[in-house]
Amino acid sequence: MKTRMHYLIAASLVSFPTLADDGLANLFNDGSFKGQFQLFDFQRNFDGDTQDRRDTSLGGLFYLRSGEVNGIQFGGAFASANPIWDSSDGLYGLVGGAGAPGSLVDRTAVNRLQEYFVSGNWFDTKVTYGAQELRTPMMNPFPLRAIPFTYRGASIKNTSIDNLAISALYITDYMGWTNDTFADVSDGVAGEFARKGIKVDVEDNPMIAFGLDHNLALSALNMKTSLWYYGMDDVYDQYYLKLSFSGELGSTGWYFTPSYLKQSSNGKLSQTDAQFDTHQAGFHLGVKWSGFDAVVKYVQTGDDDVVAPFGDEKVIIQQVVQSGRANEDAYGAQLSYRFAPDSALRGVSAYVNWATYDIDGEDNQGINETDFSVWYDLNHFVEGFSVRARHAIVNFDASDDLTDTRFYLYYKFGL
């Protein structure tokens, strides 16, 4: 892939004379460099015999973009997560280590090229080829650790129709939170089943996706529609639909966001123990007023677990637990507050997020989680600087209860 990228870049320079002359200078003069340094400390403590976990990482994400000439642009990114010390607790997963989370192993640094791509932007259509972060409902950065997921392949996005984006993906490889080399997307699917104790050979086929995202703004109602299909031959198909309605009632805002996900194995995978056929349906219903944001959530999952190895938009996503077990019903509520820009605590936002998860017909499989989060954007003191603290309390009917505490320090910059 890297060799093909070099050939593609060289061919682009040769094929466009303007780009090779004055345009080449504009690639640099109109370029940008931005990123963030970050210090994270994550720890998870169990109230039973399960091994506690803790990692501390120092690193960052750094993005370089060239200027755009004749529609052509080049991009790259570097990601880094380095252990500050070897914890006496088990591996959390912020940094590398030769073992699963909870293993008592030495930590290793993760330093990698996060992106390297060439893109063309013509006739309201942007085509990107190479390693790139994606932001789609069921294939996205999955930003739960120090380094987000990244993918390799091609993406296309057309915006020639007002308020409508038409997208397509052809993705062959990915890197997870602590990988330093790309792996086939089939490995990601196989790993998802392996974590559930199912070993299966997954066909090495690319992920192909198509999406429609539409915005409609009326006098009293805003509506967004997102419809996506993702498929891997001889592996699985999935369809995702999300509607977002919002409006104002006097000084109070409201929103309603229902969604539906349908997944099923196909071809060869359907002939193995990993075969599945499931769905997830639910909604968010919320109101906003005077800095508050209150929302209730409900979701129901079908006969099998949701398969989501590449990031997702499950209906309920908390610090530790996410909706997605077979025959699961989950209820949640979240209350957020953001202090006004003219208050003494400007830049501070906080939330409490609670949910309960139950499996139909199984009384001993319940889970309850309560999350607390405080984020302090200190931009008015030091531009680009912010801190965050999160704490989760999770109670399991069938395993050890736990607490999960995370501290974040960011310094963002742009040139």
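**A threonine in a strand and its surroundings**

Modeller: The side chain of Thr56 makes a polar contact of 2.4 Å with the side chain of Asp41, where a polar contact is a pair of N or O atoms within 3.5 Å, one able to donate a hydrogen and the other to accept it, with residues adjacent in sequence counted only if both atoms are side-chain atoms. This is a predicted model, in which local features need pLDDT of at least 70 and side-chain atom pairs count only at pLDDT 80 or more, while totals for chains, interfaces and linings use all residues. Residues are numbered from 1 along each chain as its sequence is written, and side-chain values use heavy atoms, with hydrogens and water left out.

Thr56 belongs to strand β2, which covers residues 53-65; strands (E, at least two residues) and helices (H or I, at least four) are DSSP runs numbered from the N terminus. With a relative accessible area of 7%, Thr56 is buried, on a scale where buried means under 20%, exposed means over 50% and partly exposed lies in between, using a 1.4 Å probe and protein chains only. Leaving aside neighbours within four places in sequence, the contacts of Thr56 (heavy atoms within 4.5 Å) are Leu39, Phe40, Asp41, Asn82, Pro83, Ile84 and Trp85.

One of those contacts, Phe40, leads on to a cluster in which ring pairs link Phe40, Phe42, Tyr92, Trp375, Tyr408 and Tyr410. Rings of Phe, Tyr and Trp (its six-membered ring) pair if their centres lie within 6.5 Å, and planes under 30 degrees apart count as stacked, over 60 as edge-to-face and the rest as tilted. Tyr408, a member of this cluster, also has the charged end of Arg388 over its ring, 5.7 Å from the centre; for this, NZ of Lys or CZ of Arg must be within 6 Å of the ring centre and within 35 degrees of the ring normal. Elsewhere, Arg145 lies over the face of Trp177, at 4.9 Å from the ring centre.

The whole structure holds 29 aromatic pairs. Among them, Tyr174 and Phe310 are edge-to-face, at 5.2 Å centre to centre with 75° between the planes. That pair links distant parts of the chain, 136 residues apart, with Tyr174 in strand β9 (residues 164-175) and Phe310 in the loop between β16 (292-301) and β17 (328-338). Tyr174 and Phe310 are both buried. Phe193 and Phe276 form a tilted pair, with 6.1 Å between centres and 50° between planes. Since Phe193 lies in helix α4 (residues 185-194) and Phe276 in the loop between β14 (252-265) and β15 (277-289), this pair ties together parts that are 83 residues apart in sequence. Phe193 and Phe276 are buried as well.

Turning to the strands, β3 (residues 72-83) pairs with β6 (residues 110-122) in the antiparallel sense over ten bridges, two strands being paired if DSSP finds at least two bridges between them. Phe78 has Leu113 in β6 as its bridge partner. β6 also pairs with β7, again in the antiparallel sense, over seven bridges, and Trp122 has Thr125 in β7 as its bridge partner. β6 and β7 form a hairpin with two residues between them, and Phe123 in the turn has a positive phi of about 55°.

The loop between β7 and β8 contains Phe142, which has a positive phi of about 50° although it is not a glycine, and which counts as buried at 12% relative accessibility. Arg135 is placed in the loop between β7 (125-132) and β8 (150-158) too, but counts as exposed at 64% relative accessibility. The side chains of Arg135 and Glu133 are joined by a polar contact of 3.0 Å, and, not counting residues up to four places away in sequence, Arg135 touches Asn140 and Pro141.

As for the overall picture, the protein has four helices and 21 strands. Its radius of gyration is 23 Å, close to the 22 Å that the globule rule gives for 415 residues, so the protein is as compact as a globular protein of that length; the radius is taken over C-alpha atoms, and the rule is 2.2 Å times the number of residues to the power 0.38. The C-alpha trace spans about 70 × 60 × 50 Å along its principal axes, and 45% of the 415 residues count as buried.
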